[in-house]
Amino acid sequence: MQSVEQFKHSTCIADWADQRPEQAFTLPSRYFFDEQIFAAERDRIFMSAWHLAGHRNEFAEPGQFVVCDIFDQSVVVACGNDGKINAFHNVCQHRGNRLLDVRRGSDTRVLRCAYHSWCYEMDGSLRSAPRSERLIAFDKQQFNIPKVRVEELGGFVYFNFDAQAPSLAELFPGADEEMRAVFPELGKMRLIEEQDVIVPANWKVIMDNSIEGYHFKLSGPCHIDLAKLIDFKGYRLTKRDNWWTYIAPASLQAEEAYGVKLSGPRNPDERFFNIGLWPNNTFYTFPFSEFLGTFIMIPLDAERSLLRFGYYSPHEQVPAVSHACMKWMNEDLGPEDIELNISVQKGLHSLGYDQGRYMIDAERSNESEHLVHHFHKLVFDGIGEGR
């Protein structure tokens, strides 16, 4: 009978996906720092993926825009003067100057290039180009900014560079309904706060940490505090083809959350809810937080990621517990998770480690790592075998 070491070193990586999940070994450590693997992820996964731009209400009025960067590409998602949401490349069609270097704006009816003052409508069409009237056969329509595909799901707007990629509805059937069941006021959500944090860890290390409950009661004090607000008997981690959920009822016996005393009648449907959309989009709510959070892992290079934390609320007056939970996430739980991410990234370089063992039980219990395995299989299939 083969030992663990014999199995790990004699099995071709092309056979990795054929392992039984309950007996499977993790992806080799190089998948989390190898430059060639990262390049394959960039080209074969992210350049045809759906990237979150923001909630529909961030583009409710003409002139509202959000700038989204992924690798060396930059996209403007904007509400045009006709009220339609458009996405187009963030680049002037004259000499290639980048048009916008801010994350958000509003009431911007015209984009003006700061180099030679070419001006564009908020759908990317060229409005004017100084001295173009002096040129022979200058056709403004030939210099409209190329558009990027845009779609909506669950009240949020996404863009995709690949015109042939499956639609959001095709990739994530049932996800819209799942979100609306948990957030009945999804259409009223408005952005309260956004924070970007650069973490020296591969984007998959961060995702792995977020989609398993194994460490909840075993790692730092903030995770233990969060676990006290969750009824783990009802915790379920469920995989679909290209998306997943991890959901649990709240502990209705809790008397305070995030340092705020809880008062008034408890919502019997209060819950801990997370939904992940391949490859890097997560939406969540914590028990009693009264907000919708977005958690996006944006890869920068093989060992750095930008984490984008967004907080949305349907309330005109944001509850005190929401502000307390956002502060706790930003200053306590988030940093605790980030320290774990950094430590794992360092450890993956050790000569004493290559593959571990997924902790997957037959029951797919609340401490099972089957979502991590499922996510890794999507990565493995996405970049192609034999890496």
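1. Y258 is buried, its relative accessible area being 13%, and W328 is likewise buried, at 10%; please keep in mind throughout that this is a predicted model. The count of aromatic pairs comes to 24.

2. Y258 belongs to the loop between β14 (256-257) and β15 (260-261), whereas W328 is part of helix α7 (residues 320-347), so their contact ties together parts that are 70 residues apart in sequence. Both residues also belong to one aromatic cluster, whose other members are F232, Y235, Y246, F272, Y284, F286, F291 and Y311.

3. Two placements of a charge over a ring deserve a look when the side chains are inspected. The charged end of K204 sits over the ring of F32, at 5.1 Å from its centre, and R240 lies over the face of W243, with a distance of 4.2 Å from the ring centre.

4. Strands β6, β7 and β8 form, in that order, an open sheet with antiparallel pairing. Its edge strands, β6 (111-112) and β8 (126-128), each pair on one side only. Strand β7 (residues 119-120) is joined to β8 by two bridges, and Y120 stands opposite L126 in β8.

5. Which residues beside this sheet have a positive phi without being glycine? D107, in the loop between β5 (104-105) and β6, has a phi of about 55 degrees, and S117, in the loop between β6 and β7, has a phi near 65 degrees. D107 is exposed, with a relative accessible area of 58%, while S117 counts as partly exposed at 25% relative accessibility.

6. The peptide bond from W278 to P279 is cis, with omega near 5 degrees, and P279 lies in the loop between β16 (271-277) and β17 (281-285). I mention this bond because most peptide bonds are trans.

Definitions and conventions: Residues numbered from 1 in each chain as written. Predicted model: local features only at pLDDT ≥ 70, side-chain atom pairs only at ≥ 80, totals over all residues. Heavy atoms only, no water. Pairing = 2+ DSSP bridges. Helix = DSSP H or I, 4+ residues; strand = E, 2+ residues; numbered from the N terminus. Buried < 20%, exposed > 50% of the residue type's maximum accessible area, 1.4 Å probe, protein only. Phe/Tyr/Trp six-rings, centres within 6.5 Å; stacked < 30°, edge-to-face > 60°. Lys NZ or Arg CZ within 6 Å of the ring centre and 35° of its normal.
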